[in-house]
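Subject: Structure for your files

Hello,

Here is the structure you were going to look at.

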Amino acid sequence: MDKIQHKFINVQGLNLHIADTGTGPNVVVFLHGFPEIWYTWRHQMVAAANAGFRAIAPDYRGYGLSDPPSQPEKATFKDIINDLLAILDHLGISKVFLVAKDFGARPAYQFALLHPERVRGVVTMGVPFMPPGPSRFRDTLPEGFYIARWQEPGRAEADFGRLDAKTVVRNIYILFSRSEIPIAAENQEIMDLVDASTPLPPWFTEEDLAEYGALYEKSGFQTALQVPYRSFQEDNGVAENIVKVPALLIMGDQDYVFKFPGMEDYIRSGKVKQFVPDLEIVYLPEGTHFVHEQLPEQVNQLILTFLNKYV
């Protein structure tokens with residue numbers, strides 16, 4: 001961890017933070033999900049650097065140490081794509097592997113669709129490639145479905161605002177580590193689903209939580225609620241949604257994402273390969289949504305095997 005350097009790159013007037021370690025021409029860019037920041041990749045960055053790769057993990061605009069946009073309510077997935085392109089150009093990096101978790105899968109795959117000449121391969125965890133179009137999840141899940149609640153302007157802000165940032169992150173880590181989709185009752189908010197006495201997952205320490213808490217205390221949650229949750233319907237601007245680079249999907253069998261209507265069949269039947277033909281899928285029996293933090297040695301080995309295959 002002490003070998004990881006921290007830098008700021010000015011993109012469109014915003015100072016964007018990147019964590020950077022390792023050297024050499026073969027570069028891996030790690031894209032976080034929610035409620036994460038660059039720090040979520042601490043295990044993978046060190047492993048990649050030790051294996052001879054350069055590892056870079058940005059905080060998206062409005063996350064962690066990166067500046068927020070002037071109008072967070074107008075932030076988009078397209079911003080993440082454009083910021084990533086600007087970061088690579090600034091650093092003089094022509095081609096990268098993209099490793100993404102959770103909603104980070106969307107900008108990773110979108111970047112590969114828009115700029116295939118810049119991408120060697122894509123690894124995602126917890127979320128597969130999802131074709132664009134209206135989501136049916138809200139139609140088939142109860143009103144208290146966490147994404148539906150967080151898409152409602154002001155509702156999550158009020159819910160989260162009752163607690164400090166560290167407690168919000170704690171509660172979401174606990175919720176997302178379970179095997180069921182977080183769904184609140186009619187008279188309940190999402191934060192109410194976690195009791196204050198519930199322990200953290202054993203692989204996530206109080207020190208880890210303190211890192212997240214301090215950075216979300218700085219950034220707040222306004223941009224994070226906009227991207228991803230309030231931007232899912234955004235058009236990706238791509239005519240042909242066929243990913244032409246090699247890809248790896250790592251799923252924990254205990255991941256709550258499997259409970260999304262139709263998701264398990266979409267992944268396990270191989271339907272996802274209609275959009276990502278050169279896709280390998282690996283299942284980790286004990287894995288949860290945070291499989292890269294829960295089982296870092298297994299995940300690191302899977303990532304490095306993939307990188308070395310296509311380097």
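This is a predicted model: local features need pLDDT of at least 70, side-chain atom pairs count only at pLDDT 80 or more; totals for chains, interfaces and linings use all residues.

Strand 4

Strand 4 spans residues 54-58 and is mostly covered, with five of its five residues buried. In a regular strand, side chains alternate between the two faces of the sheet. Here Arg-54, Ile-56 and Pro-58 point one way, while Ala-55 and Ala-57 point the other way, and all are buried. The charged class includes Arg, so Arg-54 is a charged residue among those buried in this strand.

Strand 4 has two pairings to report. With strand 2 (residues 14-21) the pairing is antiparallel, over four bridges; Ala-19 stands opposite Ala-57 there. With strand 3 (residues 27-31) strand 4 runs parallel, joined by three bridges, and Val-27 has Arg-54 as its bridge partner. Between strands 3 and 4 the chain passes through helix 1 (residues 42-50), making a right-handed β-α-β crossover.

The largest pocket

The largest pocket holds about 1100 Å³ of space. Its lining consists of 39 residues, and Met-130, Pro-131, Ser-135, Phe-137 and Met-263 lie nearest the centre. By class, the lining has 24 nonpolar, nine polar and six charged residues.

Several helices supply at least two lining residues each: helix 3 (105-114), helix 4 (137-140), helix 5 (146-151), helix 9 (222-229) and helix 10 (263-268). Helix 3 gives the most, with five residues.

Regards

Key
Residues are numbered from 1 along each chain as its sequence is written. Side-chain values use heavy atoms; hydrogens and water are left out. Buried means under 20% relative accessible area, exposed over 50%, partly exposed in between (1.4 Å probe, protein chains only). Two strands pair if DSSP finds at least two bridges between them. A crossover is right-handed if, with the strands pointing away from the viewer, the path from the first strand over the helix to the second runs clockwise. On a 1 Å grid over the protein atoms alone, a cavity is a set of points where a 1.4 Å probe fits but cannot get out, and a pocket is an open set with protein on both sides within 12 Å along at least five of seven lines; lining residues have an atom within 4 Å of a point. Grid points are joined across faces, edges and corners, and a volume is the space filled by probe spheres set on the points.
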